[in-house]
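The following questions and answers go through a single model, from the chain as a whole down to single side chains.

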Amino acid sequence: MAPKGKGGDKDKSKAKEGGAEKGSKATKATQQINVRHILCEKHGKKEEALAKLNAGGKFDDVAREFSEDKARTGGALGWKTKESLLPEFSAVAFDLAASTTNSPKWAECKTSEGYHIIMVEGRK
């Protein structure tokens, strides 16, 4: 999980987009997102997870196989506010369009916790 308070340096905040049109349905009025992620400590493991997603894998299945945190059960983090997440994670997640685990739109970021592949299931 990417809770607030464990910030990284500026070099770690660079986000890479994958599988999604950035912000295609995001709005500034969004207060919370229902978010999932895959957290990998090593870049190579993150790349393996991305390869599975690019091959058509379901996001929750790939999260169960590759995620290295307590969100392994499909990567679900639940409903989160911008302030409850690390700034690097939040910046990427709140700019993603909502999608489903069967047809995920995702983006990547690096935080002090590792490499994240993020998808958003809902907004409110």
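Q: Among contacts between residues at least 6 apart in sequence, what percentage join residues at least 24 apart?
A: Contact here means heavy atoms within 4.5 Å. This is a predicted model, in which local features need pLDDT of at least 70 and side-chain atom pairs count only at pLDDT 80 or more, while totals for chains, interfaces and linings use all residues. Residues are numbered from 1 along each chain as its sequence is written, and side-chain values use heavy atoms, with hydrogens and water left out. Among contacts in the protein chain between residues at least 6 apart, the share that joins residues at least 24 apart is 73%.

Q: In what order do the elements of the protein chain run from the N terminus?
A: Helices (H or I, at least four residues) and strands (E, at least two) are DSSP runs, numbered from the N terminus. The protein chain has 3 helices and 5 strands. Read from the N terminus on, their order is β-β-α-α-β-α-β-β.

Q: Which residues of α1 are buried?
A: Helix α1 covers residues 43–54 and reaches 16 Å from its first C-alpha to its last, close to the 16 Å expected at 1.5 Å a residue, where the expected span is 1.5 Å times one less than the number of residues. Buried means under 20% relative accessible area, exposed over 50% and partly exposed in between, with a 1.4 Å probe and protein chains only. By that criterion, the buried residues of α1 are Lys46, Ala49, Leu50 and Leu53.

Q: Which backbone oxygen does the side chain of Arg36 reach?
A: Arg36 is placed in strand β2 (residues 32–40) and counts as buried at 14% relative accessibility. Leaving aside neighbours within four places in sequence, its contacts include Asp60, Gly74 and Thr101. A polar contact is a pair of N or O atoms within 3.5 Å; within protein, one must be able to donate a hydrogen and the other to accept it, and residues adjacent in sequence count only if both atoms are side-chain atoms. At 2.6 Å, the side chain of Arg36 reaches the backbone oxygen of Gly74.

Q: Which residues does Asp60 contact, leaving aside neighbours within four places in sequence?
A: Asp60 lies in helix α2 and is buried, with a relative accessible area of 10%. Beyond those neighbours, Asp60 is in contact with Arg36, Gly74 and Thr101.

Q: Which backbone nitrogen does the side chain of Glu68 reach?
A: Glu68 is found in the loop between α2 (59–66) and β3 (76–81), where it is partly exposed with a relative accessible area of 35%. The C-alpha atoms of Glu68 and Glu41 are separated by 7.3 Å, although these residues are 27 apart along the chain. At 2.7 Å, the side chain of Glu68 reaches the backbone nitrogen of Glu41.

Q: Over which ring does the charged end of Lys124 sit?
A: A charge sits over a ring if NZ of Lys or CZ of Arg is within 6 Å of the ring centre and within 35 degrees of the ring normal. Lys110 lies over the face of Tyr115, at 4.8 Å from the ring centre. The charged end of Lys124, 4.6 Å from the ring centre, sits over Trp79.
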